[in-house]
Amino acid sequence: MFNIKKITGGILFLFAAQLSLAQQASPVDYVNPLIGTESKYELSNGNTYPAIARPWGMNFWTPQTGNMGDGWVYTYTADKIKGFKQTHQPSPWNNDYGQFSLMPMTGKPQFDQEKRASWFSHKAEIAKPYYYSVYLADHDVTAELTPSQRAAVFQFTFPKTDQAYVIIDAFDKGSYIKVIPQENKIIGYSTKNSGGVPDNFKNYFVITFDRPFSYKAGVTNGNIKDNQLEVRDDHAGAIVGFPSLKRGDKVVAKVASSFISFEQAELNLKEVKSKTFAQVADEGKAQWNEVLGRIQVEDNNIDRLRTFYSCLYRSTLFPRDFSEIDASGNRIHYSPYNGQVLPGEMFTDTGFWDTFRSLFPLLNLLYPSMNDRMQVGLVNAYKESGYLPEWASPGHRASMIGNNSASIVTDALITDRKGYDKEVLWEALKHGAHNAYPKHSSTGRFGHEYYNKLGYIPADVKVDQNVARSLEYAYNDWCIYEFGKALGKPKSEIAIYAQRAMNYKNLYDPSTKLMRGKKSDGSFVTNFDPSAWSREYTEGNAWHWSFCVFHDPQGLIDLMGGNKSFVSMLDTVFAIPSYEGMKSRSMIHEMREMQVMNMGQYAHGNQPIQHMPYLYNYAAQPWKAQYWIRKIMDKLYLPTPDGYCGDEDNGQTSAWYVFSSLGFYPVSPGSGEYVIGSPQFEKATLKLENGKEIHIYAKQQGPDQVYVDRLSWNGKVYDKNYLRYAELLKGAKLEFNMSAEPNKNRGIKKEDAPYSFSKEKR
């Protein structure tokens, strides 16, 4: 007969042991860099690659399964690895710059990417933020790498062979390689890029090996030439071989690069030159644990822990530090805007259209000293190019819309970022609001002449995405107003921005209660289909863009006829079938991703609507926000290769989850407020840079217990639907009591609603 007590006790013991083991793990141990890599051009589950890097590192490294120049550098469904690439790619759509790769092999030396490729299995692959290892089956080689900020160490474990090689591929579009046998060294440069670089752009690299070369060859456009030590051509490469190796012998390569010079690359190599592979890996692990450890979450669900820390890892990769340290210890940078080597900070590889929403607010809360440096970098970018960047990779890129640099610098200012010239940024904001970048429409304000004159960009003046641009410009104008007000600028200088912040009202169509394209004569466009992904919007439709009034939800509520009508419009977003509007234009992946998620017109895989569920808090029905936010987290975020529901986009989609899982989100960056949602973890502790801590408890939370029944702040009942940054900075204890039933008496008073510009006295 079975002893139920013994069985039950055994199960409880195993559960307790498993929980104890989970709690002993360090934050980086939960990170899976392969999340989001099961993607393709037609459907994004993240469009990520395993970025083996340091936080905000100048260089990332990744195994390369795609062809040279392919934006999908690593896909989970691939079978072969073609090299290990230094990459600076922020997304497959913007692609890469300055890339080159190393690849070990055995047998006859091959340079062609298909011939040198090796089969591999995820079962023989280890991917961590600070370390990567894979078994290359065709060559019987185990390849390992670990990076520093600007350098990396490779360790190749070979079989018994006298045909052991490492291929160095400097890629096409203009490259150079020189083999220096007497120093066991290779130097070279890559100029390959996808735009956004000055004419003199080069990524200089140096590679040193721990043993002499027995074979040396240069490669010119695919042609292997034995003993040719120097190649400068469209596509340069090199192959070096090593003397007879015993099974288990390791070849160690130390690599560094610089956007400045070969001499600076040698200086950057000092990051790893005197260190072992294990030392560099241990330092990387420690640095990641320090960064990820700013938040400590406790939960019995290990998959949620993996999802959380993987999202936090993605949130601390971009924007990358583009600066280097010279021989005197000074920080310098190659300017991706004017091609000069200049003193000071520079950061790049981020699209503000994506990351203004929650990525930069997360930096201001958890990593403010990093954003202090980034603001200095923005000052330099303006001085070097005449514009603040909107999408930098590494310089100005023709990608997306809006003038959201205004949001980035305003949220930094009101969260008290330090050490940079705010007056220069004030001039930059004013300039960007009244000028368009001459080389493309993504920097500055394309269509500003119409917007400033009419209060919107018309649909009949050949400025596409006119509704989306107008709505973002209105929010950006509010940001500029708030920035100027914080600096104490006179009303005569800033009043125009307060006025233009209300321009969103000019596109509101009372007959549909949606934002609709309008012609120059003031009439709305005809044949309006709210679900159509039309040219008036950016990667979306009227259901996505009509709620993009971040700074004034109350004004939008008033336009739509009050709380009841507004909530009905929010409900409708989730109710309209996801296939509606799918035939309105040629298919783009964002449309397909919305369709397959089956959440109506809610398209979390793209940024414009990600804040929308939080808007229920402004209309006295916060429980609906809690319901939908938890459903989005539980359904659309997983610790798997298909774990995202669209483009991850430089940390924005990840930062949404980080904030939301903690129980709050920055709907309107620049307001100093976070809007309350539904915390997903039993306990979370935020360790702020000022030494204070925020303790968040979610009592009785569970898959069905998603509603906030009661919230207390430092022991006192708190009914408001928002939290203030300035108050949280003092340290706080937030206790959420969660329930399976909504509390419809909490957060329903007018004063419980978060910030709206309409309520501000001016």
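This is a predicted model: local features need pLDDT of at least 70, side-chain atom pairs count only at pLDDT 80 or more; totals for chains, interfaces and linings use all residues.
Me: Where does T75 sit, and what is T75 in contact with?

Reply: You'll find T75 in the loop between β1 (60-64) and β2 (80-81). If you skip the neighbours within four places in sequence, T75 is in contact with T37, S39 and T65.

Me: Which domain annotation covers residues 30-258?

Reply: The UniProt record, an unreviewed entry, labels residues 30-258 "domain: Glycosyl hydrolase family 92 N-terminal". In the model, that span is 44% strand and 2% helix, and its end C-alpha atoms lie 32 Å apart.

Me: Now the rings. How many aromatic pairs are there?

Reply: Searching the whole structure turns up 57 aromatic pairs. Take F154 and F156: their ring centres are 5.7 Å apart, with 35° between the planes. Planes under 30 degrees apart count as stacked and those over 60 as edge-to-face, with the rest tilted, so this pair is tilted.

Me: And are F154 and F156 buried or exposed?

Reply: F154 is buried at 1% relative accessible area, and F156 is buried too, at 0%.

Me: Which residues form an aromatic cluster?

Reply: One cluster is made of Y614, Y637, Y644, W656, Y657, F659, F664, Y665 and Y674.

Me: Which charged residues sit over a ring?

Reply: Look for a Lys or Arg charge within 6 Å of a ring centre and within 35 degrees of the ring normal. Among them, R320 lies over the face of F60, 4.1 Å from the ring centre. Another is K518, whose charged end sits over the Y456 ring, 5.4 Å from its centre.

How values were computed: Residues are numbered from 1 along each chain as its sequence is written. Side-chain values use heavy atoms; hydrogens and water are left out. Helices (H or I, at least four residues) and strands (E, at least two) are DSSP runs, numbered from the N terminus. Contact means heavy atoms within 4.5 Å. UniProt positions are given in the numbering used here, feature names are shortened, and annotations may be inferred rather than shown by experiment. Rings of Phe, Tyr and Trp (its six-membered ring) pair if their centres lie within 6.5 Å; planes under 30 degrees apart count as stacked, over 60 as edge-to-face and the rest as tilted. Buried means under 20% relative accessible area, exposed over 50%, partly exposed in between (1.4 Å probe, protein chains only).
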